[in-house]
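Here's a friendly walk through one protein model, for anyone meeting it for the first time.

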Amino acid sequence: MAFLSFDKKRNPRQANISLVALLIVMIAFPFIASQFGNSWVRIMDIALLYIMLALGLNVVVGFAGLLDLGYIAFYAIGAYTAGLLASPQFADVLQSFVNTYPAVGNFLILVCGPQIVQTGIHLSLWIIVPLSALIAALFGALLGAPTLKLRGDYLAIVTLGFGEIIRIFMNNLNAPVNITNGPQGINLIDPIRVFGVSLAGEPGSGSIVKFLGLSLPSVNAYYFLFLLLCIGVIFFSIRLQDSRLGRAWVAIREDEIAAKAMGINTRNVKLLAFAMGASFGGIAGAMFASFQGFVSPESFSLTESIAVLAMVVLGGIGHIPGVVLGGVILAALPEVLRHVVEPVQMSLFGRVWIDAEVLRQLLYGLAMVVIMLNRPAGLWPSPRHEDRPEADHPHGDEPVGVVKA
């Protein structure tokens, strides 16, 4: 990635030029891609959500060195928070309480009022987003608390179990009180509104958003919102990385015993890593729910957790631009394969031999093996060696500045 540099400390001029060029490309993308159909802009919308997820996981895995295989659980928590607080589902929850526990149900109806009983809760998403981040951060701390003394494979197994527990919990929390609507999921989730304008388009508008005299497709409006959120998350991640807390995370990642000896409160710092990383997942989940208008447990499987982890590892563990690159590649890859692999096989063989989804899994595995063997720091590692989890140079190199005895 020599043509792009975002290291403002070593080369500020090139970093500023790279940022401006990248911003121009990102702004122009939806207008160019929409000429070939809105599906390509929608693919990028989903990719931006995955970038937010990957940046959140990068806090846990890249900065603090804590392997988390259940990160998608926080995505689910954010999505279901939005589903409950911005849809008619809460009215069904109240009715379910009345049918199962009349005393509790009647009390809740008295507290909530007749309007919520009829239509459910429809909070503004700008209230739901901070709530989703807060609830996800709380669950992140709850996950981190019992795993403080676990490392490596043991930590991976526990976090994997946590992710599956949350998914199964959402799948079965429709009895005796119907909260998540079980495997059927929650639908009719309110779209995002900005200054009173629905980004899904008003009824009868054909998904066209009109704002300040401009008309653009709904997917383009969501694209610019998600792009702004990604820029905010990137800025926050950079500030975290360069902060005292970020350096404490790196110290724990490199040698926890040495970090503890130097006076770092490893317990609190680890909990903060889990909580802050989870909050990014909660924000992305709330956006996903409002964008789709529907959430169900199938969207939060173990495969999704592995995909987000693959984005971090493939791009560059601990390096924010590398994580963004990994997110774009792996989030857009399935859709590109869907448009390319099957038509090519049909034209060559007259039938589809390998499904695009199967090929995606094969490519994930192959990419991980190749990256771990040849570039353990990722496709775009950090230019500063002290910020890399593992130095990206051959093991045979002699240390610089060390004189042989």
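Leu188 counts as exposed, with a relative accessibility of 61%. (Exposed means over 50% relative accessible area, buried means under 20%, and partly exposed is in between, using a 1.4 Å probe and protein chains only.) You'll find Leu188 in the loop between β3 and β4 (193-194). Its phi is near 60 degrees, which is positive even though Leu188 is not a glycine.

Before going further, two notes on what you're looking at. This is a predicted model, where local features need pLDDT of at least 70, side-chain atom pairs count only at pLDDT 80 or more, and totals for chains, interfaces and linings use all residues. Residues are numbered from 1 along each chain as its sequence is written, and side-chain values use heavy atoms, with hydrogens and water left out. As for the names, helices (H or I, at least four residues) and strands (E, at least two) are DSSP runs, numbered from the N terminus.

Most residues other than glycine have a negative phi, and most peptide bonds are trans. Asn181 is another non-glycine residue with a positive phi, about 65 degrees, and it sits in the loop between α8 and β3. Pro176 is placed in the loop between α8 and β3 (186-187) too. A cis peptide bond links Ala175 to Pro176, with omega at about 0 degrees.

**Helix α7, a helix with two sides**

How far apart are the end C-alpha atoms of helix α7? They are 28 Å apart, and that agrees with the 28 Å that the 20 residues of α7 (residues 125-144) should span at 1.5 Å a residue. (The expected span is 1.5 Å times one less than the number of residues.)

The buried residues of α7 are Leu125, Ile128, Val129, Ser132, Ala133, Ala136, Ala137, Gly140, Leu143 and Gly144. They cover an arc of only 165 degrees around the axis, so they end up on the same side of α7. (That arc is taken from the directions from the helix axis to the C-beta atoms.) Over on the other side of α7, Leu134, Leu138 and Leu142 are exposed. What do the buried residues of α7 pack against? Their partners are α3 (72-85), β1 (86-87), α8 (152-172) and α12 (266-292).

Helix α10 (residues 244-254) and α12 have axes that come within 10 Å and cross at roughly 110 degrees. (Axes are lines fitted to C-alpha atoms, for helices over the stretch in contact, and angles run from 0 to 180 degrees between N-to-C directions.) The two helices, α10 and α12, are therefore roughly perpendicular to each other. (Angles from 65 to 115 degrees count as roughly perpendicular, under 35 as roughly parallel, over 145 as roughly antiparallel, and the rest as oblique.)

On the α10 side, Leu245, Ala248, Trp249 and Ile252 meet Thr266, Val269, Lys270, Leu272, Ala273 and Met276 in α12. (Contact means heavy atoms within 4.5 Å.) The residues of this contact of α10 with α12 split into eight nonpolar, one polar and one charged. (Ala, Val, Leu, Ile, Met, Phe, Trp, Tyr, Cys and Pro count as nonpolar, Asp, Glu, Lys and Arg as charged, and the others, Gly among them, as polar.)

Now for the other pair. Helix α2 (residues 38-63) packs with α13 at an angle of about 75 degrees, their axes 9 Å apart. That makes α2 roughly perpendicular to α13. From α2, the contact uses Tyr50, Leu53, Ala54, Leu57, Asn58 and Val61, and from α13 it uses Glu304, Val308, Leu309, Met311 and Val312. The residues of the contact of α2 with α13 come to nine nonpolar, one polar and one charged.

**Single residues to look up**

Here are some residues with their relative accessible areas.

| Residue | Relative accessible area | State |
|---|---|---|
| Thr119 | 32% | partly exposed |
| Ser305 | 2% | buried |
| Ser382 | 4% | buried |
| Ile43 | 10% | buried |

Thr119 belongs to helix α6 (residues 114-119). Setting aside neighbours within four places in sequence, Thr119 is in contact with Ser87, Pro88 and Ala91.

Ser305 is part of helix α13 (residues 302-315). Not counting residues up to four places away in sequence, Ser305 touches Leu69, Gly70, Tyr71 and Ile72.

Ile43 is in helix α2, and it touches Ala332 and Glu335, again not counting residues up to four places away in sequence. Ile43 and Val93 are 50 residues apart in sequence and 33 Å apart in space, C-alpha to C-alpha.

Last up, Ser382 lies in the segment after α15 (356-374). Ser382 and Ile317 are 65 residues apart in sequence and 8.3 Å apart in space, C-alpha to C-alpha.
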